[in-house]
Amino acid sequence: MKLERLTNNKIKIFLTLDDLIDRGITKEDILGNSLKVHKLFQDMVEEACEELSFKMSGSIAIEIFSLPAQGLIIIVTKDEEELLADEDEFLDLQVKIDDFPHILYVFDEFEDIVQLSHRLSIQGMLKSNLYHYDGRYYLLIENVKDTTYDMVISLAAEYGRASTLTLCRINEYGTCIIENEAIQILVSHFS
């Protein structure tokens, strides 16, 4: 479990698939929105809040984003009005579950992205962007067909690792090197 404070009233929790398995949770449990899952998320959020000194009271929104073959990102947001109010402590959790429609992988070496691009180019036109941020390269792949999704994830995992950064952070602080056709451009320029 990786934790990150995004703002005064927002934290991010990243859980890998192994973290979920260790806690005895499947994706079906999460989508079923069972009481077991609510209790687990409440425990994890409390643990994360304690570790990041994030006071958990008032109205709390929890957004859960599924990253297929990578894990879950949980965004915990405290209502800003509650930050100003100094009332009795209460907790009101609102849980929203959603899928991220993209694949974002991080690579330490540029050559790894070139090699991956050659392997992915045979899958046809994949919408892809290449970013540089904090000394690493990030490849964003969008609109992957359901029939090839697992294969794309498997190939990407051979060369890089799933990124825990949000797309908003990459867009704001990173530099977009190649937009929309990164895989095709890399293949045509680096043989």
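Let me begin with a term: pLDDT is the predictor's confidence in each residue, on a scale from 0 to 100. I start there since what we have is a predicted model, and its mean pLDDT is 78, with 81% of the residues at 70 or more. That confidence is lowest in helix H4, residues 80-84, where the mean is 52, and highest in strand S10, residues 175-178, where the mean is 94. Please also keep in mind residues 82-91, over which pLDDT stays under 50, and for which the model has 15 contacts beyond four places in sequence.

Is asparagine 129 buried or exposed? Its relative accessibility is 7%, and because buried means under 20%, asparagine 129 counts as buried. Beyond its neighbours within four places in sequence, asparagine 129 is in contact with Tyr138, Leu139, Leu140 and Glu142, and also with Ile178, Glu179, Asn180 and Ala182. With asparagine 180 there is a polar approach to look at, in which a polar atom of the asparagine 129 side chain lies 2.4 Å from the backbone nitrogen of asparagine 180.

Finally, a pair of helices: H5, residues 110-121, packs with H8, residues 182-189, at an angle of about 105°, and their axes are 8 Å apart. At that angle, H5 is roughly perpendicular to H8. On the H5 side we have Phe110, Ile113, Ser117, His118, Leu120 and Ser121, and these meet Ile183, Leu186 and Val187 in H8. Sorted by class, this contact of H5 with H8 comprises six nonpolar and three polar residues, and no charged ones.

Methods: Residues numbered from 1 in each chain as written. Predicted model: local features only at pLDDT ≥ 70, side-chain atom pairs only at ≥ 80, totals over all residues. Heavy atoms only, no water. Helix = DSSP H or I, 4+ residues; strand = E, 2+ residues; numbered from the N terminus. Contact = heavy atoms within 4.5 Å. Buried < 20%, exposed > 50% of the residue type's maximum accessible area, 1.4 Å probe, protein only. Polar contact = N/O pair within 3.5 Å; in protein donor to acceptor, adjacent residues only side chain to side chain. Axes fitted to C-alpha atoms, helices over the stretch in contact; angles between N-to-C directions. Parallel < 35°, antiparallel > 145°, perpendicular 65-115°, else oblique. Nonpolar A, V, L, I, M, F, W, Y, C, P; charged D, E, K, R; others polar.
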